[in-house]
Structures are given as structure tokens and as C-alpha cells.
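Dear colleague,

I am handing over the structure we spoke about, and below it I have set out what was found. Please read the notes with the coordinates open beside them.

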Amino acid sequence: MTDFIPAKFCPGCGYPIVLMMMHNILKELNLNTRAVLGLDIGCSLLAWNFLPINTFQTHHGRVTPTMLGFKRARPNSICIGMTGDGGAYAIGMQSLAHAIKRDEPITVIVVNNTVYGMTGGQTAPTTLHGQKTDTSLEGNIDNPISGPEFFRPLAHKDAFFARSAVNEPKQIQEYFRKAFETQQAGHFSMVEIMSFCPTHWKTKGADTIAHLNELKETFKLGII
Amino acid sequence: MSEKKFISGSQVAVQAAIDAGAQMMYGYPITPATEVFTGWIKNKQPYLQTEDEIAAGFAICGAVLAGQKAFTATSGPGHVLMQDGLSMAEAMRLPFVLIAAQRGGPSSGTVIYSQQEVTLACYGGNGEGLRLVYSPCGLEELYELTRRAFNESWKYRFPAIVLTDGYTLKTTAVVDLENLQKIENIPPHALVPEDKIIHWPNIYTFEEELFEELNSAKADFENIADEVASAETIEVEDAEIIIVAHGIVGSSTKEAIKQLRIDGFKVGMFRPITLRPFAKKQLDKVIGASQVKKVVVIESSMGQLARIVRDELAPEIDKSLVSLHYAGLGVETQEIINQIEKITL
């Protein structure tokens with residue numbers, strides 16, 4: 001497939017970086033023909049025709065059970081669920097927790113930009129304390145959830161959990177490689193990628209990068 | 001050799017799923033559908049007990065995308081949650097098979113006899129009700145319709161719901177499945193192929209794209225109606241009163257008609273076997289017949305079937321329609337006889 005498909009994401013969105021890195025590693029591991037990408041609903045849905053790998057859209061919060069159903073039916077596939085932080089840690093949390101508890105051999109990529117981007121920037125489970133959003137006009141009164149740290153105790157010892165950020169391409173690729181290898185070894189893997197959302201952060205250029213780097217103080221990068 | 005067996009409705013449903021070539025069951029325990037799940041497991045079939053019905057529904061969507069015949073069984077509030085996955089299945093034309101055991105109320109106690117999930121099964125999603133809904137009357141038909149649900153779902157790619165009830169699943173009776181077991185299976189096929197790349201949206205950028213997709217699905221649904229829609233009619237040739245009943249109320253109605261005929265009442269029955277698509281042409285023919293004076297819809301709900309009948313009946317057929325409601329209550333033969341005896345033509 002050589003057709004040029006324009007990105008439909010907002011200018012400055014982090015998703016295309018995540019998708020490109022994911023595709024690089026799938027090609028490197030020679031898994032791109034076996035890969036199946038399921039998209040949660042949220043900004044990830046825009047990736048439905050972005051890459052030359054099998055891709056379909058699901059429902060908001062439901063990509064995890066859909067992909068584990070696919071994986072159980074076709075065990076030699078590499079099943080990847082791509083979701084936002086709201087889909088993963090709010091509406092889809094119950095399914096994600098139980099998929100981890102059962103050590104389902106799928107990979108969940110959570111793109112965390114601390115807001116609900118697709119619906120216009122509402123408070124997410126990852127929104128910082130004090131952060132102003134459309135549903136927290138005076139600033140969020142809660143503290144954010146750290147997904148991988150929260151789920152790690154539920155998981156099998158050989159499951160893989162890590163967090164990176166869209167301005168750390170080498171690290172993202174290293175974690176994706178480990179995540180797909182973990183899936184091939186029969187275990188659950190999850191990589192959270194801190195991403196920028198200039199549209200809803202209402203930031204420009206350097207400020208966007210600066211805010212992403214600030215987020216790393218709350219959401220520590222590394223293997224968890 | 002005869003294949004007569006003394007078995008329960010749940011065991012019949014499980015046997016039908018096994019014979020249909022079902023490869024996987026995702027389920028969450030809920031009365032009165034639990035025994036379908038545990039019966040499947042006791043037969044050493046592959047399964048996963050999920051954390052809720054939502055996960056079971058979407059796991060089925062994933063499984064059928066990969067080409068696996070997967071199904072679930074649920075009831076009442078679980079049937080409500082299942083509509084999330086069913087809506088995806090309807091929108092993406094996935095062969096999702098559900099055995100829905102109707103129950104009255106949220107639980108507990110009144111979890112046996114009900115026909116209150118008709119609207120939910122037929123139109124419960126955020127879509128147009130493009131799903132196949134079967135309403136079995138008796139255990140042999142439960143078997144047959146479960147087999148049909150798998151076959152027709154994979155053949156036509158619409159989700160299929162076998163809409164039964166707790167009473168039917170808990171009934172134990174002698175059933176003869178020998179002939180029914182000869183039904184040939186339609187094999188599953190991978191909807192996401194292994195040998196080529198597909199990009200499959202469930203969301204459209206433009207209203208026109210969605211409109212076109214929905215119209216195409218609607219046309220397909222209408223085209224299969226002649227093949228799928230079915231109904232049973234009894235004693236309709238000279239009937240002045242037509243009773244319309246489905247599922248378990250159909251059983252009581254059949255008995256009532258025998259007695260009423262002996263007593264001289266010209267009464268017949270139209271029993272839809274499929275609720276979606278509905279046997280509209282047959283309904284029009286039976287009710288439109290010149291000697292028919294009255295239509296009596298009897299059901300264990302507040303008119304959910306009657307609404308479908310009014311909707312499906314050709315508007316030029318102007319017959320008096322009585323809708324009798326026994327919401328969540330068993331409808332016995334004697335009650336039907338009493339009601340018909342009261343009717344003046």
C-alpha cells in the first residue's frame with residue numbers, strides 16, 4: 001500500500017507519532033501482516049485507514065474485550081488495542097482490569113493527553129489536580145490516576161507495563177518492541193504514551209512541548 | 001435409532017449450539033440464562049466467563065471478526081448491557097448470536113415468565129433493528145431456531161437473537177431432535193482476512209456515507225425477509241377471530257384453540273416465529289381475509305407484540321384489534337379461552 005493517506009488528526013496531535021513508531025516496530029519484528037489494530041472511540045478512531053495493517057473501529061471503552069476476543073479466536077495474530085486515557089481508565093477500566101488479571105496476551109496502547117480530546121476537552125481520569133477543563137471550570141478537584149502503576153499489582157509477573165512520551169521516540173520504540181515480544185510470549189502488555197493535545201491544552205509550539213515535559217513529573221517515564 | 005431425549009430447555013439450547021458448530025461462548029452468569037452457560041461448560045466446550053455482559057458482547061464482536069462462531073446467553077439487565085456489543089454488531093453486520101432468556105423485572109423471584117424483552121431484542125440498540133429475532137415455542141423449536149440463528153447470522157451477516165424465556169429454558173420434556181439434527185451448518189469465515197489488509201470503519205465522516213451504508217443494510221434486510229421471516233398459522237381458513245401470540249404464549253394459545261373449536265368458536269392463530277424480520281405478507285393474508293372480524297393479540301407484556309403487529313399490518317387492512325396484556329405473568333390456556341368467550345363479534 002503506497003497511497004498517501006492524509007492524517008485527520010488536529011495539527012500538532014501526538015497520535016501520528018505513536019502510530020508511526022508502532023508501525024516501525026511491527027515492520028522491524030516482521031509482524032505487520034499478522035498485526036490487527038483495534039481502535040477505541042476517542043481520537044484514536046481517526047487512525048482507521050492510517051497504516052497498512054488490518055484495522056477496525058470498536059466502541060468507546062470496548063477495545064480491550066474486542067481485541068481479546070479476536071486474539072482468542074486467532075492466537076497467531078498480534079492484537080493491539082489503541083485507546084485514549086478516558087477509554088482506558090474510565091469507561092473501559094473494568095474490562096482492562098480483568099484482561100490484565102487474566103493475563104490476556106494482547107497489547108493495549110494508551111495515549112494519555114490528560115483530557116477527553118474528541119469530545120472537546122473534558123476532565124479525564126488522568127486530568128491533573130487543578131487543571132481547568134470544560135467540565136472542571138474552576139480546576140479539577142481530583143488527583144489523576146497513574147494507569148500502569150495502578151494495574152501492575154494485578155498483572156502476571158511476565159506482563160509488561162511501561163510509560164513513555166511522544167517526544168521520546170527511541171524509548172517508545174524500545175517499549176513497543178518489548179510489548180509485542182511480551183504478547184508473543186503469551187502475556188499482557190500495556191504502554192502508556194504521554195501525548196500532547198494543543199487543541200485542548202490551548203497551547204502553541206514551545207508551550208506544548210513544555211507542558212508535555214511538565215507532565216513527566218507527574219507521570220514518570222520508564223518500565224513499571 | 002430414535003433421538004428422543006428427556007432434557008431441559010437449557011440443555012436443548014446447548015445441544016443446538018454444539019450442533020451448530022459454535023466454537024466459543026462468552027458469558028456472565030444471570031438467571032435464567034445461567035444454565036445455558038454452565039451446560040455448555042459441562043460439555044467441555046471452550047468458554048470465558050467475562051467481568052460483565054458488555055465484555056462478553058465485545059469479545060464476541062472480536063471473535064467473529066476473526067472468523068470464529070461465538071455466542072452468548074443472557075437475560076433482563078444483562079440483555080440491556082448486551083445491546084452495546086449488539087449495536088456494534090448491527091452497524092458492522094457481524095454474525096453475533098445471542099440466546100436471550102426473558103425474565104420479569106430486575107431480579108430476584110420473578111425471573112421465569114416474561115415477554116418483556118421483545119422491544120429490546122428487536123430495537124434495543126442505537127440503530128434501526130436490523131437483526132434477526134426468533135421466538136421459539138416449545139423445546140424442539142428452540143433447538144431449530146438456535147440452529148437457524150447461527151446459520152442465518154453467518155449467511156446474511158446480521159446479529160441473531162433467539163428470544164426465549166426462563167420458563168422455556170427450565171422446562172424439561174421429551175424431545176426428538178433426530179430430524180432437526182440433520183440441518184446443515186453454514187461454516188464461519190474470517191471477516192478480517194489473514195491474507196490481505198482491510199480498513200474497516202464503524203464511524204463515518206459524512207452523513208451521506210452513513211446514510212448510504214444504512215440504506216444498503218436495510219435493502220439487504222428486506223431482501224432476506226422472504227427467506228427468513230416465518231410464522232405458524234392454525235385453523236385460520238374460516239377463522240373470524242385471529243389470536244396473535246408468540247413464543248411461550250403460543251403454546252397456551254394452541255391448546256386454547258383446540259378447546260374453543262370444540263366449543264364452536266371460529267378461532268385461529270397467527271404465531272410469528274421470527275419477530276425480525278416479521279412475516280408481514282403472511283400476516284396481511286391471514287388478517288386481511290374477508291371472514292376475519294377481530295384480531296386478539298395476547299402476550300406477557302404491555303403490548304410489545306401488539307405494537308409490532310400494528311406496525312407491520314398493511315394500513316388498508318382495517319380490522320378491530322384487541323391487545324391483552326399480562327405483563328410478566330404466565331398466560332394459561334383457560335385464561336385465553338375465557339377472554340375469547342367474552343368477545344362479541
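In this predicted model, the C-alpha centres of domain 1 and domain 2 of chain B lie 26 Å apart, where the domain assignment gives residues 4-181 + 198-228 to domain 1 of chain B and residues 231-342 to domain 2 of chain B. The contact of these domains takes 27 residues from domain 1 of chain B and 22 residues from domain 2 of chain B. On the side of domain 1 of chain B that touches domain 2 of chain B, the elements that give two or more residues are α5 (118-123), β6 (132-134), β7 (160-165), α7 (166-170) and α8 (207-228) of chain B. By class, that side of domain 1 of chain B has 13 nonpolar, 12 polar and 2 charged residues.

Turning to the contact between the chains, 28 residues come from chain B and 26 residues from chain A. The elements of chain B that give two or more residues to the side touching chain A are β2 (24-27), α3 (53-65), α4 (76-92) and β9 (199-200), and the largest share, 9 residues, comes from α3(B). That side of chain B divides by class into 19 nonpolar, 6 polar and 3 charged residues.

A sheet also runs from one chain to the other: 8 strands form an open sheet with mixed pairing, in the order β9(A)-β7(A)-β8(A)-β4(A)-β3(A)-β1(A)-β2(A)-β9(B). Its edge strands, each of which pairs on one side only, are β9 (222-223) of chain A and β9 of chain B. Strand β2 (residues 54-57) of chain A pairs with β9(B) in the parallel sense over 2 bridges, and there A:T55 stands opposite B:H199. Within chain A, strands β1 (residues 35-39) and β3 (residues 78-84) run parallel and are joined by 5 bridges, with A:A35 opposite A:I78.

Finally, within chain B, helix α1 (residues 9-19) packs against helix α6 (residues 139-156) at an angle of about 30°, with the axes 8 Å apart; because angles under 35 degrees count as roughly parallel, α1(B) is roughly parallel to α6(B). The crossing of α1(B) with α6(B) is right-handed. Residues making this contact include B:G9, B:V12 and B:A13 of α1(B) and B:L139, B:L142 and B:Y143 of α6(B), and the residues of the contact divide into 7 nonpolar, 3 polar and 2 charged.

With best regards

How values were computed:
Residues are numbered from 1 along each chain as its sequence is written. Chains are lettered from A and ligands numbered from 1 in the order in which they are written. This is a predicted model: local features need pLDDT of at least 70, side-chain atom pairs count only at pLDDT 80 or more; totals for chains, interfaces and linings use all residues. Two residues are in contact if their C-beta atoms, placed from the backbone, lie within 7 Å. Helices (H or I, at least four residues) and strands (E, at least two) are DSSP runs, numbered from the N terminus. Ala, Val, Leu, Ile, Met, Phe, Trp, Tyr, Cys and Pro count as nonpolar, Asp, Glu, Lys and Arg as charged, and the others, Gly among them, as polar. Two strands pair if DSSP finds at least two bridges between them. Domain bounds come from an automatic or database domain assignment. Axes are lines fitted to C-alpha atoms, for helices over the stretch in contact, and angles run from 0 to 180 degrees between N-to-C directions. Angles under 35 degrees count as roughly parallel, over 145 as roughly antiparallel, 65 to 115 as roughly perpendicular and the rest as oblique. A crossing is left-handed if the near helix is turned anticlockwise from the far one by less than a right angle, and right-handed if clockwise.
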